[in-house]
Amino acid sequence: GTLQKFVDDLFETLFSTVHRGSALPLAIKYMFDFLDEQADKHGIHDTDVRHTWKSNCLPLRFWVNVIKNPQFVFDIHKSSITDACLSVVAQTFMDSCSTSEHRLGKDSPSNKLLYAKDIPNYKNWVERYYADISRLPAISDQDMNAYLAEQARLHSNEFNMLSALNEIYSYISKYSEE
C-alpha cells in the first residue's frame with residue numbers, strides 16, 4: 001500500500017506516449033511500425049502476436065531490466081530486501097504486458113497476489129499505449145536517420161574516453177585471473 005502510488009506513477013509514465021511534457025522517442029514509434037510492417041509482410045494478423053512482439057522488445061527486454069536492476073543506471077547499492085521488492089514490481093510489470101489471463105488461487109505465489117487487483121488496469125494502460133503509438137504519424141527512414149545524426153552530434157562531447165578506459169582497466173585488473 002505504501003508503494004502503490006509510486007508503482008502507479010512508474011507504470012503511467014512508462015505506458016504513456018506523452019507524459020509530463022516529454023514526447024515519445026522517435027525510435028520507439030519507428031521500431032513498433034517496423035514490427036507491424038513485418039507482421040503485415042508475413043501475414044501475421046493475430047493481435048496477440050503483435051502485442052507480444054512489442055512487449056518483448058521494449059517493456060520486457062528494457063524496462064524490466066531497469067526496474068529489477070537500478071544499479072545498472074544509478075550508482076546505488078541494492079539490498080536483498082530492495083531486490084525482493086523490485087522483483088515483485090518487475091513481475092507485476094511483466095504480467096501487465098501479457099496477453100493471457102492470470103488465474104490466481106490459494107496456491108498462487110504471494111508476489112502475484114499483491115498487485116492482482118491492479119493488473120487489469122495496468123493491462124489497459126499497455127493496450128492504450130500500443131494503440132496511441134500506432135495512431136502517431138509514421139517516421140520516415142530519412143527522418144529517423146536525421147534524428148539519429150542530430151542525437152549523435154548533440155551528445156558527441158559527453159563520452160569521456162579516458163574515463164571509459166579507466167573503468168575497463170579497473171575491471172581487467174580486478175578479474176585478470178578469471
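Guide: Let us begin with a cut-off: a salt bridge here is a side-chain nitrogen of Lys or Arg within 4 Å of a carboxyl oxygen of Asp or Glu. Please keep in mind that this is a predicted model.

Visitor: With that rule, how far apart are the closest N and O atoms of K78 and D83?

Guide: Side chains of opposite charge can pair when their charged atoms come close. K78 counts as buried at 18% relative accessibility, while D83 is partly exposed at 25%. The two form a salt bridge, and their closest N and O atoms are separated by 3.1 Å.

Visitor: What separates D132 and R128 along helix α7?

Guide: R128 is partly exposed, its relative accessible area being 37%. D132 and R128 are four residues apart in helix α7, so the separation is about one helical turn.

Visitor: Which helices hold D36 and R50?

Guide: D36 and R50 form a salt bridge whose closest N and O atoms are 3.4 Å apart. The pair ties together parts that are 14 residues apart in sequence, because D36 lies in helix α2 (residues 26-41) and R50 in helix α3.

Visitor: Are D36 and R50 buried or exposed?

Guide: The cut-off for buried is under 20% relative accessible area. D36 has a relative accessible area of 15%, and R50 has 15% relative accessibility. By that cut-off D36 is buried, and R50 also counts as buried.

Visitor: Let us turn to the rings. How many aromatic pairs are there?

Guide: A pair of aromatic rings is described by the distance of the centres and the angle of the planes. Rings pair if their centres lie within 6.5 Å. By this rule the number of aromatic pairs is ten.

Visitor: What kind of pair do F11 and F15 make, stacked or edge-to-face?

Guide: F11 counts as buried at 0% relative accessibility, and F15 counts as buried at 1%. Planes over 60 degrees apart count as edge-to-face. The ring centres of F11 and F15 are 6.4 Å apart with planes at 80°, so the pair is edge-to-face.

Visitor: How many residues apart are F15 and Y129?

Guide: F15 and Y129 pair edge-to-face, with 5.7 Å from centre to centre and 65° between the planes. Y129 is buried, with a relative accessible area of 3%. F15 sits in the loop between α1 and β1 (18-19) and Y129 in helix α7, and this link between distant parts of the chain spans 114 residues.

Visitor: Which residues are in the cluster linked by ring pairs?

Guide: F15 pairs with F11 and with Y129. The cluster linked by ring pairs contains F11, F15, F32, F93, Y122, W125, Y129 and Y130.

Visitor: Which residues does L14 contact, leaving aside neighbours within four places in sequence?

Guide: L14 lies in helix α1 and counts as buried at 9% relative accessibility. Setting those sequence neighbours aside, its contacts are W63, I67, F93 and Y129.

Visitor: Which helices do the buried residues of α4 pack against?

Guide: In helix α4 (residues 59-68), the buried residues are P59, V64 and I67. They are on the same side of α4, because they cover an arc of only 65° around the axis. Their packing partners are α1 (4-14), α3 (47-57), α5 (80-97) and α7 (119-135).

Visitor: Which residues does D95 touch, not counting residues up to four places away in sequence?

Guide: D95 is in helix α5 and counts as buried at 5% relative accessibility. With those positions not counted, D95 touches H102, K112, I119 and K123.

Visitor: Finally, what is the area of the nonpolar surface patch that includes L165?

Guide: L165 belongs to helix α9 (residues 161-174) and is partly exposed, with a relative accessible area of 48%. The patch is made by F159, M161, L162, L165, I168, Y171, I172 and Y175, and its area is about 920 Å².

Definitions and conventions. Residues numbered from 1 in each chain as written. Predicted model: local features only at pLDDT ≥ 70, side-chain atom pairs only at ≥ 80, totals over all residues. Heavy atoms only, no water. Buried < 20%, exposed > 50% of the residue type's maximum accessible area, 1.4 Å probe, protein only. Helix = DSSP H or I, 4+ residues; strand = E, 2+ residues; numbered from the N terminus. Arc of directions from axis to C-beta. Contact = heavy atoms within 4.5 Å. Patch = residues over 30% accessible without salt bridge, like charges linked within 9 Å, V, L, I, M, F, W, Y side chains within 5 Å. Areas by Shrake-Rupley, 256 points an atom, 1.4 Å probe, with all protein chains shown as cover. Phe/Tyr/Trp six-rings, centres within 6.5 Å; stacked < 30°, edge-to-face > 60°.
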